[in-house]
Amino acid sequence: KCSKSDIVLSNVPRIIEVFDLNLNSVNVVSNKGSVTVKCDGGPINPCPDPTCTNATNLTFTGAVLNAEKDKTVCVPITVKNFKLMQSGQGSISWDPAILQYVEVKTPATGGIPGLSGSFNTANVATGRFIYVWANETPNIPLTLPDNTVIMEFCFKVVGNVGQTGCLLFGTGTLATEWETDNGSVPICINYGKVTVVPPVTADAVTIKVGTINGKVDEIVCVD
């Protein structure tokens with residue numbers, strides 16, 4: 001309890017060797033994993049999602065990705081149960097010490113018409129973004145297929161290996177509200193996440209050991 005153990009692929013007692021089709025030796029990069037036993041017995045979640053009371057609610061989901069430091073990564077946000085919408089507003093925030101804003105994109109077709117015109121990027125340097133959208137054709141409420149991408153945030157990864165940058169949809173200065181002709185609808189949110197991982201050496205074979213958390217007396221499997 002309250003402990004951590006690293007899991008490392010070692011050359012002892014047997015040497016790890018990898019060869020290509022020409023029988024040339026190839027460099028091997030081994031990224032260690034770990035098992036953490038929490039003091040409270042529970043797993044660590046750097047970006048805990050708000051409680052969702054009903055799976056049929058309008059839902060916004062950010063992608064969960066890995067990226068190397070100094071690389072650019074784009075995190076799409078998708079929707080489910082997006083039905084007969086007329087307007088929406090809200091905030092999105094992140095830690096600029098881990099994720100440095102580059103741009104926000106919207107799909108050329110199939111997303112929310114006119115959404116990009118509602119963006120306010122004045123405070124993205126401090127990790128704050130807001131939007132205010134109104135349906136351009138209010139006589140035709142907007143419905144989107146599940147898993148439609150409505151926007152994509154691109155960041156330069158500036159955090160350190162092991163840190164996770166959370167894309168907090170619904171967190172910020174402007175309340176997040178979406179409405180149909182009948183008024184506001186309940187919302188569920190799954191935060192986007194970017195975990196900073198070690199760089200991969202060119203022309204090397206990478207063997208990555210998983211990282212997992214567990215409770216005392218619980219059996220955990222590490223891939």
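Which residue in β8 does G62 stand opposite? The answer is I77. To place that pair, start with the whole model.

This is a predicted model, in which local features need pLDDT of at least 70, side-chain atom pairs count only at pLDDT 80 or more, and totals for chains, interfaces and linings use all residues. Residues are numbered from 1 along each chain as its sequence is written, and side-chain values use heavy atoms, with hydrogens and water left out.

The protein has 20 strands and 0 helices. Both are DSSP runs numbered from the N terminus: strands (E) have at least two residues, helices (H or I) at least four.

Now return to β8, which spans residues 72-80. Strand β6 (residues 58-62) pairs with β8 in the antiparallel sense, over 4 bridges. Two strands pair if DSSP finds at least two bridges between them. β8 also pairs with strand β13 (residues 148-157), again antiparallel, over 8 bridges. There, C74 has C154 in β13 as its bridge partner.

Next, the contacts (heavy atoms within 4.5 Å). Take those between residues at least 6 apart in sequence: 81% join residues at least 24 apart.

What about burial? Of the 223 residues, 35% are buried. Buried means under 20% relative accessible area, exposed means over 50%, and partly exposed lies in between (1.4 Å probe, protein chains only). V28, in strand β4 (residues 28-31), is partly exposed, because its relative accessible area is 31%.

Finally, the surface. The protein exposes about 12800 Å², by the Shrake-Rupley method with a 1.4 Å probe. Carbon and sulfur atoms supply 52% of that area.
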